[in-house]
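Colleague: I would like to learn how to read charged side-chain contacts. Could we work through an example together?

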Amino acid sequence: MRADFHVHTVFCDGAASPGEMAGTALRLGLWALGFSGHSHTPFDESWCMSPSGTEAYRREVQALKAQYAGRLEILCGLERDLYSDAPEDGWDYVIGSVHYVRAGEDYLPVDESPELLRAWAETHFGGDPYAFAEAYYAEVSRVPEIPGCSVIGHFDLIAKFNEREPFLDETHPRYAAAWRKAADALLESGLPFEINTGAIARGYRSVPYPAPPILRWLAERGARFLLSGDSHSPEALCFQFDRWEREARALGCRMIESPLG
Ligand SMILES: [Zn+2]
Ligand SMILES: [Zn+2]
């Protein structure tokens with residue numbers, strides 16, 4: 001029995017309404033569906049929920065909970081960015097995510113385009129992609145500070161475009177040292193990590209976040225994992241979950257069934 005707890009809708013940058021996502025989840029036979037709208041970030045409102053949209057989102061998901069009671073468990077979660085100012089209370093669970101590296105007054109998005117990644121490396125890190133990656137993973141190590149955090153979102157998001165347009169060498173010792181330092185801090189927190197197949201569904205990567213070498217390393221240190229689709233449309237719900245559950249278990253990963261434990 002499947003469930004997906006990383007789900008976006010038209011309240012942020014998704015393509016479908018909560019009702020459409022719930023209808024598909026029911027047809028697919030999921031036992032639960034967790035909505036995780038992008039939390040408001042005041043310095044970049046291009047793809048998050050607005051403050052009033054956040055309240056409307058909560059009301060709509062609450063109404064769906066009642067509508068689907070007994071048929072599909074619906075949760076009202078939030079994908080909370082490290083630099084969000086969204087309300088802290090009233091969420092069923094929170095996915096803690098880093099989408100920006102803060103550099104002085106600037107918030108540099110790491111998942112918009114390979115061109116922008118290279119541009120930020122030039123303008124803020126002396127052209128050194130590893131210095132950028134070190135700054136990114138320093139942000140990631142702070143995810144447990146995110147209010148209410150229950151799951152660690154897309155750990156190696158900075159490598160989103162790396163298969164198609166290499167930005168850095170993921171086997172480089174400085175890259176490995178940067179993610180291992182963040183991973184150590186996160187393991188200390190005991191929070192589970194996502195195995196997030198969203199970038200596969202959208203054609204950016206052939207592997208989930210985190211990439212298999214990182215999964216193996218985390219699994220060897222006892223990390224727990226939750227499959228998540230980062231679904232921005234109904235077709236992406238539970239994308240390739242069977243395959244990646246198999247692969248993850250082969251790497252020694254301990255799986256959990258929901259962000260509630
Ligand atoms: Zn995200
Ligand atoms: Zn997401």
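Colleague: How many salt bridges does the structure hold?

Modeller: Bear in mind that this is a predicted model. The structure holds 13 salt bridges. To count, a side-chain nitrogen of Lys or Arg must be within 4 Å of a carboxyl oxygen of Asp or Glu.

Colleague: Where do arginine 58 and glutamate 55 lie?

Modeller: Both are in helix α2, which covers residues 51-67, and they are three residues apart, about one turn of the helix.

Colleague: Is arginine 58 buried or exposed?

Modeller: Buried means under 20% relative accessible area. Arginine 58 has 14% relative accessibility, so it counts as buried. Glutamate 55, at 33%, is partly exposed.

Colleague: Which parts of the chain does the pair of arginine 174 and aspartate 128 link?

Modeller: The side chains of arginine 174 and aspartate 128 meet in a salt bridge at 3.0 Å, N to O. This pair links distant parts of the chain: arginine 174 is in helix α5 (residues 173-189), and aspartate 128 is in the loop between α3 and α4, 46 residues apart.

Colleague: What is the N to O distance between arginine 174 and glutamate 134?

Modeller: That salt bridge has an N to O distance of 2.9 Å. Because arginine 174 lies in helix α5 and glutamate 134 in helix α4, the pair ties together parts 40 residues apart in sequence. Arginine 174 is partly exposed at 33%, and glutamate 134 is partly exposed at 33%.

Colleague: Which residues are linked in a network of salt bridges?

Modeller: Arg2, Asp242, Glu245 and Arg249 are linked in such a network.

Definitions and conventions: Residues are numbered from 1 along each chain as its sequence is written. Chains are lettered from A and ligands numbered from 1 in the order in which they are written. This is a predicted model: local features need pLDDT of at least 70, side-chain atom pairs count only at pLDDT 80 or more; totals for chains, interfaces and linings use all residues. Side-chain values use heavy atoms; hydrogens and water are left out. Helices (H or I, at least four residues) and strands (E, at least two) are DSSP runs, numbered from the N terminus. Buried means under 20% relative accessible area, exposed over 50%, partly exposed in between (1.4 Å probe, protein chains only).
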